[in-house]
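Trainee: I am new to this structure and would like to know what stands behind the words used for it. Could we go through it together?

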Protein chains: 2
Amino acid sequence: MLKIGVIGVGTVGTSVVNILKNSADIITARAGQEIVVVSGVVNNLNKDRGVDIKLSKDPMDIINDPEIDVVVELMGGVDEAFVVVKAALEKGKAVVTANKALLAYHRYELQELAGDIAFEYEASVAGGIPIINALRDGLSANHIESIKGIMNGTCNYMLTKMMKEGVDYQPILDEAQALGYAEADPTFDVGGFDAAHKLLILASIAYGIDAKPEDILIEGIDNITQDDIAFAKEFDYVIKLLTIAEKSGNEVELRTHATLVKNEEMIAKIDGVMNGVSVVGDMVGETLYYGPGAGGNATASAVVANIVDIARRGKGSPMLGFTKPLEKGLKLKSKDEIVSKYYLRMGVEDKPGVLSSVTKMFAEHEISIETVLQRPCDNGAATLLFATHEAVEKNIQSIIKELAAASFVHSKPSMIRIES
Amino acid sequence: MLKIGVIGVGTVGTSVVNILKNSADIITARAGQEIVVVSGVVNNLNKDRGVDIKLSKDPMDIINDPEIDVVVELMGGVDEAFVVVKAALEKGKAVVTANKALLAYHRYELQELAGDIAFEYEASVAGGIPIINALRDGLSANHIESIKGIMNGTCNYMLTKMMKEGVDYQPILDEAQALGYAEADPTFDVGGFDAAHKLLILASIAYGIDAKPEDILIEGIDNITQDDIAFAKEFDYVIKLLTIAEKSGNEVELRTHATLVKNEEMIAKIDGVMNGVSVVGDMVGETLYYGPGAGGNATASAVVANIVDIARRGKGSPMLGFTKPLEKGLKLKSKDEIVSKYYLRMGVEDKPGVLSSVTKMFAEHEISIETVLQRPCDNGAATLLFATHEAVEKNIQSIIKELAAASFVHSKPSMIRIES
C-alpha cells in the first residue's frame with residue numbers, strides 16, 4: 001500500500017483525495033497496489049472539506065511521518081513550498097507537485113536534490129493535459145525545434161469572446177472574474193506571467209535551458225482592442241496569448257505575448273478556456289496536445305497519474321528528463337535579438353504628410369512594411385495599422401519609442417507579434 | 001550501454017538506426033546511458049540500406065545473441081512476429097514493437113509472457129503521437145468514457161480531398177496510391193481494418209476489454225460519394241473514418257466506420273494525412289492528441305522513445321497498464337445493439353407514393369426521421385437522403401435489407417453513422 005500526504009487541501013487537493021477514494025477500483029488495478037491518502041495539511045482546521053483524512057496545520061507533520069511514502073504539494077507559492085518540498089526529499093519521500101511558480105524558480109535545484117527519488121509535476125503545466133509526459137518521455141527521440149502553447153485558459157477565454165462576440169477587454173475581464181475564471185487581481189494571468197512559468201518548465205525539458213521568469217520576454221493581452229481584432233479577421237488571423245520556445249542555431253528564444261496566428265494552424269483552433277501545446281520535433285514533425293488547463297478534477301487527474309506512476313515504478317525518471325547537458329552550447333537568446341513579424345496600431349493626426357513621416361521612420365529603423373491599413377476616426381484623427389516583414393525586436397522597440405514621442409501620433413503605438 | 005537488435009530494417013528500421021546514431025547526444029543525455037544498434041535482420045542481404053550494423057537473415061541470430069538487451073520488432077505480420085517476440089521475451093529481452101496486427105490478436109498473451117520485462121509498443125497506434133503514453137500513464141486516474149480517433153492517414157487524406165476539392169472516391173484513391181499513401185491493395189486501409197487494429201489496442205488500455213478484429217464492427221469509406229459530401233456540408237458535418245470506443249453502463253462498444261462529425265468538434269478539424277485521438281475521461285474531461293500517424297521518422301520517433309524509456313527505467317510498466325481487471329463486469333456490446341444516429345442515401349423512382357412507402361418502412365422499424373432531403377436526378381429517378389434520430393443498429397440493418405429489395409429503390413441504400 002502506498003501512503004500519501006497532501007499539503008494543501010483546497011479544490012485540487014480535495015479532488016485528489018476523492019479520486020483516490022472513489023476510483024480505487026481502476027487505480028489499484030493500474031498502480032498494482034492500493035493508494036491511500038492518510039493525512040492532509042490545511043491553514044484552517046475549522047473549515048469542512050468533506051474528506052475523511054487526518055488534518056493538521058503543519059506541513060512537517062506529513063514530512064516527519066515515517067508512514068508517508070509520497071508528499072503531494074498543493075500549497076502554492078515559491079519560498080515556503082521550496083522549504084517543504086526540500087525537506088520531503090531529504091526524508092527520502094517521493095514528491096508530486098502542481099506548483100508551476102516553484103518550478104519556474106527552483107526546478108534545477110530540485111532535480112539535483114531529488115536524484116533517484118521520484119519527483120513528478122505533470123499538473124504544473126496545462127492542467128489535465130499530459131504534456132510533461134509527452135514531451136519528456138513520448139518525444140525523447142527528438143531535438144525539439146519549437147513549442148507553441150496556449151497555456152492560460154483565462155486569456156484564451158477572454159480573447160475567444162473578444163474575437164467571436166466583439167466584446168471589449170474590460171467587460172470580458174469583468175465577466176471572467178464573475179465566472180471565477182480570473183482572479184480579483186488578474187495580472188498573473190492577463191499579464192502573461194502564469195503562461196511564462198509553464199513555458200520555462202517545458203523549455204527545460206526540451207532544451208535544458210536554465211532561465212528565470214525575469215530573463216524572458218513576458219507580455220500580456222491588456223492592450224488588445226476591437227481595432228486589432230478587425231485587422232486580424234481581415235487577414236485571416238486569430239489573436240492568442242502564445243508561449244513560444246524556439247531554437248535557431250545554438251540559441252533558444254523564450255517568450256510569452258499576444259500573437260496573431262493564422263486561422264489554419266491547429267493551435268489557432270483552440271478556443272475558450274481550453275489549453276493546447278504544439279511541439280515540433282526534428283523527427284516526428286508537429287504533434288499537438290489539447291485539453292482543459294485548469295479545474296479541480298482535471299488538475300487532480302494529472303496529480304493522481306503521477307502518483308500511479310510512482311506506485312508502478314518506484315524510482316523516478318530524471319525529473320527534467322535528462323542527466324547530462326542536452327545540446328552543447330545552447331543558450332538563451334537575448335530579448336532584443338528576437339526576430340518576428342510585427343503588427344503596430346497607432347492613432348495619428350489625419351493631415352497631409354503623416355503617413356509619409358511614419359513610413360520614413362520604418363525605413364530608418366530597417367523595418368520593412370508588408371501591409372498598411374488606414375482607417376478614418378472622428379475629429380481629424382486616423383488609425384494606422386501596419387504589419388511588417390521579419391524585423392529585429394530592438395528595432396521595433398526603438399521605433400515604438402520614437403513614434404510615441406512624435407507630435408502627430410496621439411498615443412503610444414500598440415504592438416502584437418505575428419507568428420508565421 | 002544498452003544494445004539493440006532490429007528485426008526488419010525497412011523504412012522505419014532504418015530511421016531507428018539513424019536516429020540512435022545521429023541524435024546520440026540528446027538520447028544519451030535523456031536515457032542516462034549510450035544506446036547502440038548492434039545488429040539487424042533483413043530478408044534480402046544484398047540490398048544496401050545505408051546503415052552501419054551487422055545484418056543477418058535469421059531473427060534467432062538476434063534473439064540468441066547474449067549481448068542484445070532490447071529486441072525491436074519491425075517485421076510486421078502476425079504469426080511469425082508472435083513466434084519471434086515470444087522467443088525474445090523467453091530469453092528475458094525487452095521488446096519494442098510497432099506491430100499493430102500482432103497486438104490486435106496477441107496483446108493479452110504478450111502481457112502475460114512479458115511479466116516484469118519491458119514490452120513497449122507506442123508506434124503501433126497513431127505513429128508519432130505518444131497516445132499509448134498518454135492513455136496508459138497520463139490519464140491513469142480516469143474511468144475512460146470514450147475514445148474517438150482518426151487513426152488512418154490514408155482515409156483521412158482521401159476524405160479531406162473529397163470534401164475540400166470535390167474529387168470522387170476512385171480518382172483520389174488512384175492519387176493516394178501514386179503518392180505512396182495507399183497500398184496497391186488498399187483494403188486494409190480503406191476498409192477500416194488498420195484503424196480497427198489500433199482501436200483494439202487502445203480499448204484494452206482503457207477498459208481491459210479483450211476483443212479480436214472479427215468481434216467488432218468494421219466498415220470503410222469506399223461507399224462515400226459527392227452526394228454524401230453535399231449533405232454533410234449542408235448540415236455542418238465533415239465525414240471522417242472514426243474509430244470509436246464508448247462505455248455505457250457495463251458495456252463497451254467498439255467500432256470503426258465512416259462517420260458524420262459536427263464541424264465544431266476538435267476531431268473534425270484534423271485534416272489530410274494527420275491523425276488525432278480524442279479521449280474523454282471522467283475526471284479530466286476531453287483531451288486530444290494530434291500528429292503524424294505514419295512515416296519512417298515519425299514512427300521511429302515513437303520506437304526510440306520506448307527504447308529511451310527502457311534505458312531509464314529497466315523493467316516495464318504493466319504492458320497494457322493494469323494488473324487486475326479494470327472495471328468489474330465490463331463486456332463488449334453486441335454489434336446489433338449499438339445505438340447511433342444514421343444517415344441513409346438511396347436512389348428511388350421519382351413517382352407518386354414512393355416517399356410515403358419509404359417513410360412507412362422507417363416507422364415500422366421504429367426509426368424516427370430527423371431530416372429528409374429529396375433531390376431530382378435524370379431519367380425519372382430521385383435521390384433520397386435521410387438523417388435519423390437515435391436508432392438501434394439491427395433495425396437499421398433490417399430496413400436497409402428491406403429497402404434494397406423494394407421495387408422502387410434502384411440500388412442498395414448507402415449508410416453513414418452520425419456522431420452526436
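**Where the chains meet**

Mentor: Gladly! Strand 12 of chain A pairs with strand 12 (residues 285–292) of chain B, in the antiparallel sense and over three bridges. Keep in mind that this is a predicted model.

Trainee: What makes strand 12 of chain A and strand 12 of chain B count as a pair?

Mentor: Pairing asks for at least two bridges between two strands. Strand 12 of chain A and strand 12 of chain B have three bridges, so they pair. As for who faces whom, A:Y290 stands opposite B:L288.

Trainee: How many residues of each chain are in contact across the two chains?

Mentor: There are 53 residues of chain A in contact with 53 residues of chain B. On the side of chain A that touches chain B, at least two residues each come from helix 2 (24–31), helix 6 (131–138), strand 12 (285–292) and helix 12 (296–313) of chain A. The largest share, 10 residues, comes from helix 12 of chain A. Sorted by class, that side of chain A has 25 nonpolar, 18 polar and 10 charged residues.

**Two helices of chain B**

Trainee: Which residues of helix 1 of chain B meet helix 12 of chain B?

Mentor: They are B:T11, B:V12, B:T14, B:S15, B:V16, B:I19 and B:L20, and among their partners in helix 12 of chain B are B:G296 and B:V304.

Trainee: What makes strand 3 and strand 6 of chain A edge strands?

Mentor: Six strands of chain A form an open sheet with parallel pairing, in the order 3-2-1-4-5-6. Strand 3 (54–56) and strand 6 (119–120) each pair on one side only. For strand 6 of chain A, strand 5 (residues 94–97) is a parallel partner over two bridges, with A:V95 bridged to A:F119.

Trainee: Which strands does helix 1 of chain A lie across?

Mentor: Helix 1 (residues 11–22) of chain A lies across strand 1 (2–7), strand 2 (35–41) and strand 4 (70–73) of chain A, and runs at about 155° to strand 2.

Terms used:
Residues numbered from 1 in each chain as written. Chains lettered and ligands numbered in written order. Predicted model: local features only at pLDDT ≥ 70, side-chain atom pairs only at ≥ 80, totals over all residues. Contact = placed C-beta atoms within 7 Å. Helix = DSSP H or I, 4+ residues; strand = E, 2+ residues; numbered from the N terminus. Nonpolar A, V, L, I, M, F, W, Y, C, P; charged D, E, K, R; others polar. Axes fitted to C-alpha atoms, helices over the stretch in contact; angles between N-to-C directions.
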